[in-house]
Amino acid sequence: MQINITVNGEVTSSLDQTSLPQFLQQLGLNPHLVVVEHNKEILPRQYWESTKLANGDVLEIVTIVGGG
């Protein structure tokens, strides 16, 4: 079943019960280089595998950029 998820203000779709790391990979993001806010709470990495996305979830994803 397809669900709608809002990512950084834009609606996208995914399969129901997709884990957060799987979803990040679907978006082409390296899970090791991002910080994720899930439904207005920063989600510690230790909970990413057990976090299954559901219809209406809101994610804010910030990419870590190196440089100087």
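Helices (H or I, at least four residues) and strands (E, at least two) are taken as DSSP runs, numbered from the N terminus, and two strands pair if DSSP finds at least two bridges between them. The model is predicted, so that local features need pLDDT of at least 70 and side-chain atom pairs count only at pLDDT 80 or more, while totals for chains, interfaces and linings use all residues. Residues are numbered from 1 along each chain as its sequence is written, and side-chain values use heavy atoms, leaving out hydrogens and water.

Select residues 2-7 and 10-15 to begin: these are β1 and β2, which pair in the antiparallel sense over six bridges. Within this pairing, I5 has T12 of β2 as its bridge partner, and V7 has E10. Two residues lie between the strands of this hairpin, and one stop there is N8, which takes a positive phi near 50°.

Now display the whole sheet, an open one of five strands in the order β2-β1-β5-β3-β4, with mixed pairing. Because β2 and β4 (41-42) stand at the edges with a single partner strand each, one side of each is left without a neighbour in the sheet.

Next, select I5, L20, L24, V36, W48, L59 and I61, which touch the most other members of the 13-residue largest nonpolar core (buried Ala, Val, Leu, Ile, Met, Phe, Trp, Tyr and Cys residues joined through side-chain atoms within 4.5 Å; buried means under 20% relative accessible area with a 1.4 Å probe, protein chains only). Two or more residues come from each of β1, α1 (20-26), β3 (34-38) and β5 (58-63).

Conventions
Buried means under 20% relative accessible area, exposed over 50%, partly exposed in between (1.4 Å probe, protein chains only).
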